[in-house]
Each structure stands twice: as C-alpha cells, then as structure tokens.
Amino acid sequence: MGTPLVINGCEIKPKTVCHNVDLRHAQLKQVDLSGADLRGANLMNADLRHANLRGINLSGAKLDGARLQMAFLQVANLKGASLHGTNLEFARITKADLSDADLTAANLEMVWAKRTQFVGARLIATNLQEAKLYEANLKNAVLEGTRNKFTIFQDAYMEGCQGCPFDW
C-alpha cells in the first residue's frame, strides 16, 4: 500500500482521528475510514460513495449535500449530525445512531437501517421509499412530508414520533 491520502492534515485511513477537520467537497469515493473518529468534521458536499465507514464517529458532523450512496455505515455514530440533502441511497446503516440528526430533504431510498436509532431525529421531506427500518427506534422523531412508499417499518418503535405511520 502507498502513502495514505492527507487532506487538511487528516490522514484518510481506518481509525484515523481528525476532530473538526474540513473535508468539504473532498473526493473520498471508495475510501476506508472504518473506525475513524471525525467528530465535528465538515464533510459538506463530500463524495463518499461506496466508502467503508463502519464504526465511524461522525457525531456533530456536517454532511449536508454529501454523496453516501452505497456507503457502509454499520454501527456508525451520527448523533446530532446535519445531513440536509444528503444522498444515502442504498447505504447500509444497520445499528447506526442517528439520534438528534437532521435528515431534512435527505434521500434514504432503499437504505438498510435495521435496528438504527433515529431518536429525536428530524426527517422532514425525506425520501424513505423502500427503506428497510426493521426494529428501528423512531422515538420522538419528526417525520413530516416524507415519502414512505414501500417503506418497511416492521417492529419499529414509534413512541412520541410525529408523523410516523402507526397504521403501517
């Protein structure tokens, strides 16, 4: 393997630690950042398609407009992250924590989100078409204007959720 990519002093490699790093518009397609700690990072409009982000800590990060199609985010920490207009189409986010995250106008079409935490998350005008939300925790989440066609909410916890399809 060669030298890891370095952007604004942050080595782009598994288990790297780069709090509050500026990675706006970064081309990170297919990178391996598994187990990395990027708390508070700015990844607005970054290209993370097909990236391995398993176990990454992106709590408080800004991912507005980021491209995360087909990314692997299993067990990722995205607590309080901003994901306005983020494209997570076909992403794998099983057991991830998106508590208090803002997913306004995000695309979660065909996302696999089994046992994912959406506690207090904002899903306003979010595309959830064909999303798999088996056993997801939507406690106190806000779903307004979402597209839920063919979305699976099987065994999802929805106490206090505004706009959740309780008759699913």
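What is the relative accessible area of C164, and is that residue buried or exposed? C164 has a relative accessible area of 7% and is buried, where buried means under 20% relative accessible area, exposed means over 50%, and partly exposed lies in between, with a 1.4 Å probe and protein chains only.

## Basis of the model

This is a predicted model, in which local features need pLDDT of at least 70 and side-chain atom pairs count only at pLDDT 80 or more, while totals for chains, interfaces and linings use all residues. Residues are numbered from 1 along each chain as its sequence is written, and side-chain values use heavy atoms, with hydrogens and water left out.

## Overall fold and dimensions

The protein contains four strands and zero helices, and along the sequence the pattern reads β-β-β-β; here helices (H or I, at least four residues) and strands (E, at least two) are DSSP runs, numbered from the N terminus. The radius of gyration is 15 Å, close to the 15 Å that the globule rule gives for 168 residues, so the protein is as compact as a globular protein of that length. This radius is taken over C-alpha atoms, and the globule rule is 2.2 Å times the number of residues to the power 0.38.

Taken along the principal axes, the box that the C-alpha atoms fill is roughly 55 × 25 × 20 Å. Of the contacts (heavy atoms within 4.5 Å) between residues at least 6 apart in sequence, 1% join residues at least 24 apart.

## Surface and charge

Of the 168 residues in the protein, 54% are buried. The protein exposes about 7,800 Å², and carbon and sulfur atoms supply 47% of this area, which comes from the Shrake-Rupley method with a 1.4 Å probe; for residues, only the protein chains shown count as cover.

There are 19 positive and 17 negative side chains, with the centres of the two sets 5 Å apart. Lys and Arg count as positive and Asp and Glu as negative, whereas His and the chain ends are not counted, and the place of a charge is taken as NZ of Lys, CZ of Arg, CG of Asp or CD of Glu.

## Disulfides

The structure holds two disulfides, each being a pair of cysteine sulfur atoms within 2.5 Å. With bonded cysteines counted along the chain, they follow the pattern 1-2, 3-4.

Another joins C161 and C164, with sulfur atoms 1.9 Å apart, and the link is right-handed, with 75° about the S-S bond. C161 is buried, with a relative accessible area of 6%.
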